[in-house]
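Here's a quick briefing for anyone meeting this structure for the first time. Have a look at the sequence and the model, then read on.

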Amino acid sequence: MALREIIQVGDSRLRERARPVRALTPEIQQLIEDMIETMHENDGIGLAAVQLGDLHRVIVIQLPEDEEVWGSGELYVVINPEIVKASREVEIGIEGCLSVRGYVGEVERPTEVLVRGQNQQGERFRLRPRGFLARVFQHEIDHLDGVLYIDRLVAPDRIWEVKPGTEEAVEASEEMAVEVSQP
Ligand code: ZN
């Protein structure tokens with residue numbers, strides 16, 4: 001495994017449409033291992049291959065099951081993911097991105113989606129994430145089409161600067177999440 005650099009907004013590769021994975025080659029398996037390691041190392045909860053400058057349709061997602069322990073929840077590796085259905089119900093929530101360091105912003109998303117894709121063994125599967133997990137799936141799949149959450153802000157001013165990796169950032173996002181969830 002190897003850590004790879006996460007490319008940042010302004011890099012034109014983040015705006016390209018990633019191409020489907022046709023075969024699970026050793027390179028793709030290596031890419032997946034590197035994505036998982038890089039996500040963990042950066043305390044991320046999701047990563048798309050394009051964020052490492054690799055234009056294949058691959059995402060990894062892992063929410064912390066225990067709030068204190070990053071990478072403790074279920075790990076999802078999805079190759080060629082697709083959203084086949086989205087709920088009419090939407091909610092506004094806070095998003096950040098490892099390719100837009102130092103910021104979080106408010107985005108409206110469907111609360112539930114039906115995702116189809118292939119796992120690391122190439123087997124097809126579907127899953128129906130809800131709530132925050134559904135949000136993360138939509139965010140990562142957006143990356144594969146060159147879309148960033150900053151393109152989807154509920155309003156241009158609904159984005160805030162935070163200090164990444166500090167308590168302050170965590171507190172700031174929690175506060176905002178509370179503020180936003182109030183009717
Ligand atoms: Zn992102």
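Metal donors here are N, O and S atoms within 2.8 Å of the metal (3.2 Å for Na, K and Ca), and since water is not among the atoms, sites may look incomplete. You're looking at a predicted model, where local features need pLDDT of at least 70, side-chain atom pairs count only at pLDDT 80 or more, and totals for chains, interfaces and linings use all residues. Residues are numbered from 1 along each chain as its sequence is written, and side-chain values use heavy atoms, with hydrogens and water left out.

**The zinc site**
- Three residues hold the zinc ion at 2.1 to 2.3 Å: Cys97 through SG, plus His139 and His143, each through NE2.
- Along the sequence, these donors follow the spacing C-x41-H-x3-H.
- Cys97 sits in the loop between strand S4 (90-96) and strand S5 (103-110), while His139 is 42 residues away in helix H2 (residues 131-143), so the pair links distant parts of the chain (helices, H or I, have at least four residues and strands, E, at least two, as DSSP runs numbered from the N terminus).
- Both Cys97 and His139 are buried, meaning under 20% relative accessible area, with exposed being over 50% and partly exposed in between (1.4 Å probe, protein chains only).

**Strand S4**
- Ile92 belongs to strand S4 and is partly exposed, at 37% relative accessible area.

**Positive phi angles**
- Most residues other than glycine have a negative phi.
- Asp43 has a positive phi of about 55°, and it lies in the loop between helix H1 (26-41) and strand S1 (46-48).
- Asn80, in strand S3 (residues 75-86), also has a positive phi, near 50°.
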